[in-house]
Amino acid sequence: MRVTHASLHLVRLPLVHRFRTSSHAKDHLEHILVRLTDESGAVGWGEIASPSDPFYSPETADTCWLVASRYLLPAVVGSRWDDPAEVAGLWTKVRGHRFAKAGVDMAAWALWSQSGGVSLARALGGVRGSVVAGVSLGIEPSVDDLLAEVAKQVEAGYPRVKLKIAPGWDVEPVRAVRSAFPSLSLHVDANGAYGESSAELAALRALDDLGLTMIEQPFAPRNLLAHAALQRDISTPVCLDESIEVLDDLRVAVVLGALKVLNIKVSRMGGLGAAVAAHDLAAEHDIPVWCGGMHEFGIGRAANVALSSLPGFTLPSDVSASDKYYERDVVVPPITASAGVVEVPTGPGLGHDVDEDFLASVTVRSTTVSA
Ligand code: OSB
Ligand code: MG
């Protein structure tokens, strides 16, 4: 197929509930949607889910806009390819900038699967008809607020809850949630906020007694040695998120014993092809994986659902329904979950249409590249 047009759309959606992590708080999000058109007029959408600020990764929505408009779209427009796995080969000279690449790669997969009449899940090698969704809860103003938020999500049917933690907001709130919900599948995510002081290590060790399914990314992304040392010390599995950006990171982390579980994010790995490769490599090492989220709008969320249908995704993924974050999503129908289970669409492409009228009303700016 030949890509004839590409455009970027910076889209702003308000969040239904303020989300705070160890690094920042958010009331709305701005993601960049990528639209590719081929010579037959078929359309594929992707999502660049970079946060606006460089606190999760070095990328920002502004750097993504720059790199996508200046390097990635010009490489894709006019290109011919038979398989979306080839698209990443169009920009091999561009180092890093994986969030930006992921959105364009996703649009290519969506375009290809849509015009081939197959679901994105099937195109990626998915095998499951439905996937189990977990929710990710931010740091709340108080333990009571957190307990109320957990109760709300458990009532909504989500079978797994992940709690954001940071030094000073860890053992006490997590213990309170564990006492109130003794059999809930629970895990914590520090987004790299912990150092190796004895007090911070003691807090992480205390979490080992709370029956957590994993402790996600306690230390800084490059500090694989600290993760390996902690994993030797505790029986709760250590999960890596920010540390794993390329397959070689995973190879080294496995040799060091720095993880027992892998969070695969399409954005962090640089696209769906790279995410599938991470899934395959983890499977070779018997490492269970789940799909992490970046509060995606419906396009990225649909791609996450499709990816989560691959066989190695044996743990619940962060693919909660659109309404967990957004009152109105950019796709119709929105992503829905019933008793914490999301059906994997079987129709062509993403399996969701983009609501172009609504999209226009929430678009901050756009740019187009034509052949
Ligand atoms: O570490 O998983 C994370 C959101 C922004 C930055 C980092 C993370 C997250 C989430 C989002 O936890 C979870 C979701 O999309 O449901
Ligand atoms: Mg994480």
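Predicted model: local features only at pLDDT ≥ 70, side-chain atom pairs only at ≥ 80, totals over all residues.
Reader: How many residues of helix α11 are buried, and what encloses the helix?

Author: First the general idea. An α-helix has 3.6 residues a turn, so residues three or four places apart point the same way. Now the case here. Eleven of the eleven residues of α11 (residues 298-308) are buried, so the helix is largely enclosed by the rest of the structure.

Reader: Into which domains is the protein chain divided?

Author: Domain 1 covers 3-116 + 355-370, and domain 2 covers 123-343. Their C-alpha centres are 23 Å apart.

Reader: How many residues of each domain are in contact?

Author: A general point precedes the count. Interface size is often given as the accessible area lost when the parts come together. Here we count residues instead: 33 of domain 1 are in contact with 32 of domain 2. On the domain 1 side, the elements giving two or more residues are β1 (3-20), β2 (25-38), β3 (43-48), α2 (98-116) and α12 (356-362). The most come from α2, with nine residues. By type, that side of domain 1 has 19 nonpolar, eight polar and six charged residues.

Reader: Which residues surround ligand 1?

Author: Read a shell by listing its members, then sorting them. Ligand 1 has around it Y56, S136, D189, N191, D241, G292, G293, M294, H295, D318 and S320. Sorted, the shell holds two nonpolar, six polar and three charged residues.

Terms used
Residues numbered from 1 in each chain as written. Chains lettered and ligands numbered in written order. Near = placed C-beta within 6 Å. Nonpolar A, V, L, I, M, F, W, Y, C, P; charged D, E, K, R; others polar. Domains from an automatic or database assignment. Contact = placed C-beta atoms within 7 Å. Helix = DSSP H or I, 4+ residues; strand = E, 2+ residues; numbered from the N terminus. Buried ≥ 20, exposed ≤ 12 C-beta atoms within 10 Å, placed from the backbone.
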